[in-house]
Amino acid sequence: MHTDARTLENNSVIEGDVCIIGAGVAGITLALQFVNTRRKVILLEGGGFDVDMEMQELYRGKSIGQRYYPLQSARLHYFGGTSGHWGGFCSTLDPIDFHKREWVPYSEWPIQYSDLFPYYRDASRLVELPTSNFDLEYWRTTDPELIPLPFNEKVVKHKMLQFSPPTRFGKTYRDAIVEAGNIFLYTHAKVVDIRANELVTNIGSVKVKNMAGKEHVVKAKYFVAACSAMHNARLLLASDTQAKKGLGNDRDLVGRFFMDHLEMMASEIFLQVRQSVKLYRPWVFRETKARAELRLSDSEQSQLQILNATAALMPNHIAETTPANINSFSSDAEGNVKGWDVLDRNRPMFFQRWKKEKFRYKHFSFFTRLEQSPNPDSRVTLDGERDALGMRRVILNWKLTDLEKRSLRSFHEAIGLEAGRSEVGRVKLMEWLLDERDHTWPDILGGGWHNIGTTRMADSPSKGVVDQHCRVYGIDNLFMAGSSCFPTSGSANPTLTIIALTLRLSDHLKSLDFTNNMESRSGLFQ
Amino acid sequence: RRSFILLSGLGISSIAVSIITFLGFDFFGDLDSRPESLSQICDDETLMILGQAYLKLYPDERNSELLMKELYGDFARRRRIKFKNSIKLDFHAGKTVILNGWILSVTEARQCALFNILTSSTYAY
């Protein structure tokens with residue numbers, strides 16, 4: 001069921017069993033798991049069903065560190081969230097991403113890859129992938145032309161990516177949410193404050209506001225914040241009525257460890273002979289179903305003591321004319337979303353060109369996606385300036401360490417060595433990588449729009465904000481959903497893992513005790 | 001008798017040249033120092049630049065005879081198979097050098113250096 005909260009009588013009180021704050025990928029995924037269950041779920045979305053520049057303006061903030069995308073357009077504030085301009089890239093984290101790595105400070109998850117792996121299957125379905133199988137050998141059985149370059153797999157491995165259509169969660173799952181009898185979607189219901197009890201051990205309600213000037217209160221047994229990494233942190237920090245430093249922030253960890261992937265062209269590879277590289281084909285909107293990227297084996301990463309990374313082969317004649325993401329992404333959120341509609345309309349033209357493509361090239365650029373080292377000084381804090389709903393704005397300080405640049409250089413050197421060893425060809429590093437003493441970054445460095453890490457998961461409250469079930473330490477009934485819980489970023493695009501982790505969270509929530517005097521207020525649905 | 005000596009000398013020379021050529025000695029042909037694998041990727045100008053970059057890093061090797069000795073051994077033998085193997089072994093052993101961003105085997109870097117010296121000498125005339 002759907003209600004526009006602007007139409008409610010002011011100071012309405014809404015009650016449910018579970019209150020989900022934010023209807024992006026994580027929020028909608030979580031709500032879908034409760035469809036046709038006995039639980040009454042309140043799903044709160046600050047925006048409406050379309051991108052609205054007035055709502056996007058609420059996301060405006062300051063970026064004071066490494067150059068980043070405009071905050072008012074990097075995330076989308078409407079039903080469906082940032083899936084509205086998502087590219088559809090899907091991949092799983094690697095087992096090494098979950099391990100404690102001595103050379104990566106603050107690495108280690110309190111769960112293992114094997115804990116999350118079962119959820120990738122259903123996650124793949126939600127983003128409309130044909131399979132949850134990401135093994136190279138499986139994909140080679142689907143197409144004999146997917147021939148890998150003869151790298152030694154003990155050194156250079158192939159990591160498969162699949163491409164979602166992309167699934168626009170706001171469109172694809174709107175009906176399922178709205179038509180579910182036990183899911184109560186409220187749009188124009190932005191949560192601006194979370195209210196705890198006096199001891200700050202339990203959340204009683206959240207305060208909702210909208211641009212129509214209405215305020216409401218939502219009560220529930222359990223609350224889940226699913227607002228994206230930046231805004232999960234923002235909400236906790238802003239909820240400082242009972243906890244002066246913000247909720248869950250006794251140890252000053254909320255907002256810290258902000259991570260994104262470092263994405264840029266970093267080297268070129270010249271193949272010895274022109275050959276088929278269909279396995280590594282560039283991504284073409286709605287046409288490319290899967291491709292391989294190169295990554296170093298776990299043992300090689302360990303030996304070199306570097307971060308995880310992948311490199312995609314982009315034909316150099318395309319790379320030369322492709323502007324860096326950081327220079328081409330617009331602050332116009334609406335325009336960014338509409339741009340995908342333009343791409344969709346032009347698909348037939350691209351497809352005609354693509355049909356003739358033989359995938360035989362010799363010279364490529366390596367588009368690299370590098371894991372960021374968890375850094376407590378890379379963080380989201382709050383500004384004194386407030387938005388139109390009175391909530392303090394975000395200050396982002398995206399901060400990198402020396403490990404990133406050293407990792408990037410070593411990664412490409414290792415691929416260069418292996419390219420020579422296996423007689424594949426030769427690698428040429430970009431000029432800005434040549435000086436080992438130079439820790440600065442070129443203007444082309446951009447993130448992947450992957451906001452990660454601000455309410456990180458850990459095995460103790462001294463190291464993280466949430467426990468292995470994404471529950472905020474010290475607060476019985478408050479959970480975080482999404483990539484804000486990731487302790488490390490890995491090198492994979494995070495959307496599939498966001499969904500997998502959320503599915504795991506939903507299993508946990510369903511196992512919790514809902515039986516208390518909340519029953520009489522929320523009403524059970526058979 | 002004079003004719004016999006002359007003809008015998010020519011005959012022995014021919015046999016000697018044939019044997020020498022068969023063994024890979026080439027005193028008469030132009031010594032092509034282009035790195036074979038790399039020249040499938042780079043043009044001559046790039047090879048020259050790489051050679052120059054190597055010599056800047058290792059100025060003590062700016063000597064064609066020394067480079068030839070390093071590359072070809074005591075005899076000026078051109079043995080392509082040996083180089084291909086040497087290059088591969090260099091990569092396996094991590095004997096590489098980065099020249100203007102290019103990750104190259106030391107052997108092929110020296111070949112570029114020699115190519116640079118010899119080609120520059122040729123153009124000097």
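Visitor: Which ring does A:Arg168 lie over?
Guide: That would be A:Trp340: A:Arg168 lies over its face, at 5.0 Å from the ring centre. Keep in mind that this is a predicted model.

Visitor: Good to know. And what about A:Lys40, which ring face does that one lie over?
Guide: A:Lys40 lies over the face of A:Phe184, and the distance to the ring centre is 4.9 Å.

Visitor: Let's talk ring pairs, then. How many aromatic pairs are there over all chains?
Guide: The count comes to 25 aromatic pairs. One of them joins A:Tyr69 and A:Phe329, which sit edge-to-face at 5.3 Å centre to centre, with 70 degrees between the planes.

Visitor: Where do those two lie in chain A?
Guide: A:Tyr69 is in the loop between β4 (62-63) and α3 (71-74), while A:Phe329 is in the loop between α12 (325-328) and α13 (333-345), so the pair ties together parts that are 260 residues apart in sequence.

Visitor: What kind of pair do A:Tyr106 and A:Phe257 form?
Guide: Edge-to-face, with 5.0 Å centre to centre and 65 degrees between the planes. A:Tyr106 lies in the loop between β5 (89-90) and α4 (113-116) of chain A, and A:Phe257 in the loop between α9 (229-238) and β11 (262-276) of chain A, so this pair ties together parts 151 residues apart in sequence. A:Tyr106 is partly exposed, with a relative accessible area of 44%, whereas A:Phe257 is buried, at 3%.

Visitor: Switching to chain B: how do β1 and β2 run?
Guide: Strand β1 (residues 96-99) and β2 of chain B run antiparallel, joined by four bridges. They form a hairpin with two residues between them, and B:Asn100 in the turn has a positive phi of about 50 degrees.

Visitor: What stands opposite B:Ile98?
Guide: B:Ile103, in β2 of chain B.

Visitor: And which way do the side chains of β2 point?
Guide: In a regular strand, side chains alternate between the two faces of the sheet. Here B:Trp102 and B:Leu104 point one way, B:Ile103 and B:Ser105 point the other way, and all are buried.

Visitor: Last one: where is A:His317?
Guide: In helix α11 (residues 316-319) of chain A. A:His317 is partly exposed, with a relative accessible area of 45%.

Methods:
Residues are numbered from 1 along each chain as its sequence is written. Chains are lettered from A and ligands numbered from 1 in the order in which they are written. This is a predicted model: local features need pLDDT of at least 70, side-chain atom pairs count only at pLDDT 80 or more; totals for chains, interfaces and linings use all residues. Side-chain values use heavy atoms; hydrogens and water are left out. Rings of Phe, Tyr and Trp (its six-membered ring) pair if their centres lie within 6.5 Å; planes under 30 degrees apart count as stacked, over 60 as edge-to-face and the rest as tilted. Buried means under 20% relative accessible area, exposed over 50%, partly exposed in between (1.4 Å probe, protein chains only). A charge sits over a ring if NZ of Lys or CZ of Arg is within 6 Å of the ring centre and within 35 degrees of the ring normal. Two strands pair if DSSP finds at least two bridges between them.
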